[in-house]
Amino acid sequence: MLLRSAPRRLHLLRPHHHRLLSAAALASAAPAPAAAPVPPQAPTEWAEAPVASVRPATADASLYHVSLDLSAHGGLLASHAAAGQFLPFRLPAAPYSIFLAIASPPPAPGSSASAAAFDFLVKRLPGTPSARLCDLRPGDLVHVGASVVGRGFDVARIAYARDVLVFATGSGISPIRSLVESSFVEDHKAGISLFYGVRNLQRMAYQERFNDWETKGVKIIPVLSRPDSQWTGERECFLKDEEYCKPFISGSNFVWT
């Protein structure tokens, strides 16, 4: 829980689909649902796509950038309509399918142009399908769902927000990249602050994008749980320090992954 009691006008904005590979995506300050959520079902139709690139996304190689070439799958590309959507993967000899948040932004509304690839940020967990995905090479083929999954972030809920606070930890920054690089930031002139929590800077992805995000109007607040002695920034504040968060929280709206 972020707070013991929710402040006025607090809204929790989450994707309409859970990411299976990270417990961070399941943690939220929202009240418990009346019934347990239904697990996502594996798609009945699959498409075969080549890996375009695979490379470490962090200094310690705990996260990887993975890009898929979908130039032969126009329908799949067109199904990506909102930040926070997911794509199912089926890896060779894997015992189960996995669902990964799409990191690249969806096409702007009314735009006919779209990228011919999907980007993903993948946590390399030894012995899991995600590790197998990170071990692939460009040109290797994978099976993915013929359409994306989920409705994505319901940004209409915060259309008139005064301030928007975005919280992400670890690989949970993946759908946030999609959100920040979509038309969301330009359409919402309110102040947007991104609290990004990781163990240390060696585990922090997308650092090379931070300057561009801040140019767009997003304030980046890195939060480290185990920083080195040279770190002078925030330490676990958005998880444990309610007093620190109060100036941000009052009257604010949330995006949490």
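Predicted model: local features only at pLDDT ≥ 70, side-chain atom pairs only at ≥ 80, totals over all residues.
Residues are numbered from 1 along each chain as its sequence is written. Local features need pLDDT of at least 70 and side-chain atom pairs count only at pLDDT 80 or more, whereas totals for chains, interfaces and linings use all residues; side-chain values use heavy atoms, without hydrogens and water.

**Figure 1. The protein as a whole.** Seven helices and 11 strands make up the secondary structure; these are DSSP runs, with at least four residues (H or I) for a helix and at least two (E) for a strand, numbered from the N terminus. Of the 257 residues, 47% are buried, meaning under 20% relative accessible area with a 1.4 Å probe and protein chains only.

**Figure 2. The aromatic pair of Phe 118 and Phe 120.** The structure holds six aromatic pairs, in which ring centres of Phe, Tyr or Trp (its six-membered ring) lie within 6.5 Å; planes under 30 degrees apart count as stacked, over 60 as edge-to-face and the rest as tilted. Phe 118 and Phe 120 are edge-to-face, at 6.4 Å centre to centre and 75° between the planes. Both Phe 118 and Phe 120 are buried.

**Figure 3. The aromatic pair of Phe 210 and Trp 213.** This pair is tilted, with 5.7 Å centre to centre and 45° between the planes. Phe 210 and Trp 213 are separated by about one helical turn because they are three residues apart in helix H5 (residues 210–216). Phe 210 counts as buried because its relative accessibility is 10%; Trp 213 counts as buried at 0%. Ring pairs link Phe 210 and Trp 213 with Tyr 196 and Tyr 206 into a cluster.

**Figure 4. Arg 90 over the face of Trp 46.** Arg 90 lies 4.5 Å from the ring centre of Trp 46. A charge sits over a ring if NZ of Lys or CZ of Arg is within 6 Å of the ring centre and within 35 degrees of the ring normal.

How values were computed. Buried < 20%, exposed > 50% of the residue type's maximum accessible area, 1.4 Å probe, protein only.
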